[in-house]
Amino acid sequence: MAKQMARAWQRMLSGRRLDLLDPTPVDIEIEDIAHGLAFVARWNGQTRGDWPYSVAEHSLLVEDIHARIAPGGPVKWRLAALLHDAPEYVIGDMISPVKAAVGPGYGELDARLSAAIHLRFGLPAALPKAVKARIKRADKVSAWLEAVQLAGFSEAEATRFFGRPDPELTRDLRLHLRPPAEARAEFVARHEALLGQIWGH
């Protein structure tokens with residue numbers, strides 16, 4: 001008798017069945033991504049306020065900072081910045097020390113999901129190194145802001161872990177918390193706006 005394969009797919013609210021080990025672009029919907037990210041808390045939920053600071057909020061912030069780093073750059077790379085943590089809609093968010101402890105398996109799963117998500121929305125499966133570096137820089141700037149404004153770090157402590165960002169990149173950026181439904185709606189709207197610019201309508 002053949003051994004039954006373990007189930008590796010998850011049913012999404014859209015009705016799609018996403019195979020986490022072998023994801024395909026056709027099973028990815030932006031509404032599923034936005035919904036999942038809006039309910040995933042950054043910093044393991046250890047942030048001030050009455051609402052969690054979600055990965056959806058973080059992604060919107062990173063896209064904004066990326067645009068400040070590369071003003072006038074191709075809109076498709078702003079879309080890539082918005083989607084930089086999109087795999088976390090199904091695999092969750094882990095702080096860096098836990099990712100390191102889990103080992104390469106998490107990174108491989110993240111990479112497969114990222115490739116499928118990128119292809120679904122017209123991006124290359126693997127981003128150019130220069131683009132990845134800019135997004136990583138924006139990610140570190142956002143981590144500094146989040147650490148100081150929400151997660152209880154002093155500026156000195158945040159700078160030790162993430163580096164002190166260029167003040168021009170953080171000017172007037174005040175982080176706010178809001179219900180998941182609002183973050184979800186803004187994430188979808190921002191995604192649609194960027195796609196509209198890319199496709200010229």
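1. Accessible areas here come from the Shrake-Rupley method with a 1.4 Å probe. On that basis the chain exposes about 10800 Å², and carbon and sulfur atoms supply 55% of that area. The model is predicted, and the values below should be read with that in mind.

2. Overall fold. The chain contains 10 helices and 2 strands. In sequence order the pattern is β-β-α-α-α-α-α-α-α-α-α-α. The radius of gyration is 17 Å, close to the 17 Å that the globule rule gives for 201 residues, so the chain is as compact as a globular protein of that length. The C-alpha trace spans about 60 × 40 × 35 Å along its principal axes.

3. Of the 201 residues, 44% count as buried. Among contacts with a separation of 6 or more, 68% are between residues 24 or more positions apart.

4. The chain carries 26 positive and 25 negative charges.

5. Helix α1. This helix is mostly covered, with 7 of its 9 residues buried. The buried residues are I30, D32, I33, A34, G36, L37 and A38. They pack against α2, α4 (88-91), α6 and α10.

6. I117 in α6. Which residues does I117 contact, leaving aside its neighbours within four places in sequence? They are I28, I33, L83, A86, P87 and Y89. I117 lies in helix α6 and is buried, with a relative accessible area of 1%; the cut-off for burial is under 20%. One of its contacts, I33, is among the buried residues of α1. For I28, the C-alpha atom is 6.7 Å from that of I117, although the two residues are 89 residues apart along the chain.

7. H191 in α10. H191 lies in helix α10 (residues 180-199). Its relative accessibility is 2%, so H191 counts as buried. Not counting residues up to four places away in sequence, H191 touches I30, L79, L82, L83 and F121. Of these, I30 is a buried residue of α1, and L83 is also listed among the contacts of I117.

8. T170 in α9. T170 is found in helix α9 (residues 167-170). Is T170 buried or exposed? At 15% relative accessibility T170 counts as buried. Leaving aside neighbours within four places in sequence, its contacts are R68, V141, L145 and P165.

9. Salt bridges, E29 and R120. The salt-bridge count comes to 11. In one of these bridges the side chains of E29 and R120 meet, at 3.3 Å from N to O. E29 lies in the loop between β2 (17-19) and α1 (30-38), and R120 lies in helix α6 (residues 104-120), so the pair ties together parts that are 91 residues apart in sequence. E29 is buried, with a relative accessible area of 15%, whereas R120 counts as partly exposed at 32% relative accessibility.

10. Salt bridges, E63 and R78. E63 forms a salt bridge with R78, and the closest N and O atoms are 2.7 Å apart. This pair links distant parts of the chain, with E63 in helix α2 (residues 55-69) and R78 in helix α3 (residues 75-82), 15 residues apart. E63 is buried, with a relative accessible area of 3%, while R78 is partly exposed, with a relative accessible area of 25%.

11. Salt bridges, R171 and D172. R171 forms a salt bridge with D172, the closest N and O atoms being 3.7 Å apart. R171 is partly exposed, with a relative accessible area of 45%, and D172 counts as exposed at 67% relative accessibility. Turning to shared partners, R16, E29 and R120 are joined by salt bridges into one network.

Definitions and conventions
Residues are numbered from 1 along each chain as its sequence is written. This is a predicted model: local features need pLDDT of at least 70, side-chain atom pairs count only at pLDDT 80 or more; totals for chains, interfaces and linings use all residues. Side-chain values use heavy atoms; hydrogens and water are left out. Helices (H or I, at least four residues) and strands (E, at least two) are DSSP runs, numbered from the N terminus. Buried means under 20% relative accessible area, exposed over 50%, partly exposed in between (1.4 Å probe, protein chains only). Contact means heavy atoms within 4.5 Å. A salt bridge is a side-chain nitrogen of Lys or Arg within 4 Å of a carboxyl oxygen of Asp or Glu. The radius of gyration is taken over C-alpha atoms; the globule rule is 2.2 Å times the number of residues to the power 0.38. Lys and Arg count as positive and Asp and Glu as negative; His and the chain ends are not counted. The place of a charge is taken as NZ of Lys, CZ of Arg, CG of Asp or CD of Glu.
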